[in-house]
Amino acid sequence: MNEYEKAVAEEVQKWMRKVNKRSSLLNRISKKAQTKVNGLIPEKFHEIMTESIKNMVKATLVGSDFLTKKNQASEMSLFERDELVKRKLDAYRKTAVIEGAGTGAGGILLGLADFPLLLSIEMKFLFEAAAIYGFDTKDYRERLFILHVFLLAFSSDDTRKKTFHIIENWEEEKDRLAYMDWREFQQEYRDYIDLVKMLQLIPGFGAIVGAYANYNLLDHLGETAMNAYRLRILKENFI
């Protein structure tokens, strides 16, 4: 393990502590309120949302795999991979900012269009990251890993800890995972972004909120993806 890899190992340890840290009081209160509201919504609506997001994500996964350049990590060091992922993240973050500002400026109608557009940008970035770190996204298990990275980034305390356990022990867990819990996936993501996305629906003001929110959402996803893949590489090569 060279000096850079030792520094990365320390960063990953800090990230692991951060992931397992309890959310702020405000976030916990917000989650409880959202859970109560979700309990009041008819079950049919939840079923429709789950099916819609499942189909949306699956379509994005297929498209992202088709557009992702393979073998990007061939002969690259971990440092070179990290730097390339950071450049890709910067590009996707800029796209998300433009998209958030544009849909936010349009008020309610365009604001509603932000959800699938942002989801598509996030998934495409995750595919790029997976390829750069040397993982084959044609493998169904790698697609499951991508979905768990996404869920880890955008979930509440209990789900985040459960998902982190799966990611931390991926080699032992991957063959046990037969499917993705799409109900949990869509509910956790919607709850995570609901408040800020409601503010984005306000014409004019929504443009500022949309740009800021999308920047931070991509930034957070980038941190999660980088460290999740770094953790796998370190465990495979040095532990």
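Residues are numbered from 1 along each chain as its sequence is written, and side-chain values use heavy atoms, with hydrogens and water left out. In this predicted model, local features need pLDDT of at least 70 and side-chain atom pairs count only at pLDDT 80 or more, whereas totals for chains, interfaces and linings use all residues.

Trainee: How many aromatic pairs does the structure hold?

Mentor: Rings of Phe, Tyr and Trp (its six-membered ring) pair if their centres lie within 6.5 Å; planes under 30 degrees apart count as stacked, over 60 as edge-to-face and the rest as tilted. By this criterion, the number of aromatic pairs in the structure is 13.

Trainee: What is the geometry of the pair formed by Phe150 and Phe154?

Mentor: A pair of aromatic rings is described by the distance of the centres and the angle of the planes. For Phe150 and Phe154 the centres are 5.0 Å apart and the planes are at 70°. The pair is therefore edge-to-face.

Trainee: Is Phe150 buried or exposed?

Mentor: Buried means under 20% relative accessible area, exposed over 50%, and partly exposed in between (1.4 Å probe, protein chains only). Phe150 has a relative accessible area of 1%, so this residue is buried.

Trainee: Why is the pair of Phe150 and Tyr189 classed as it is?

Mentor: The ring centres of Phe150 and Tyr189 are 4.8 Å apart. Their planes stand at 55°, so the pair is tilted.

Trainee: Which helices hold Phe150 and Tyr189?

Mentor: Helices (H or I, at least four residues) are DSSP runs, numbered from the N terminus. The pair links distant parts of the chain, 39 residues apart. Phe150 lies in helix H6 (residues 140–153) and Tyr189 in helix H9 (residues 182–200).

Trainee: At what distance does the charged end of Arg232 sit from the ring centre of Phe135?

Mentor: A charge sits over a ring if NZ of Lys or CZ of Arg is within 6 Å of the ring centre and within 35 degrees of the ring normal. Arg232 also lies over the face of Phe145, at 4.5 Å from the ring centre. For Phe135, the distance is 4.0 Å.

Trainee: Is Lys88 buried or partly exposed?

Mentor: Lys88 is placed in helix H4 (residues 78–105). Its relative accessible area is 26%, so Lys88 is partly exposed.

Trainee: How far apart in space are Lys88 and Gly222?

Mentor: In sequence, Lys88 and Gly222 are 134 residues apart. In space, C-alpha to C-alpha, the distance is 9.5 Å.

Note on methods. Helix = DSSP H or I, 4+ residues; strand = E, 2+ residues; numbered from the N terminus.
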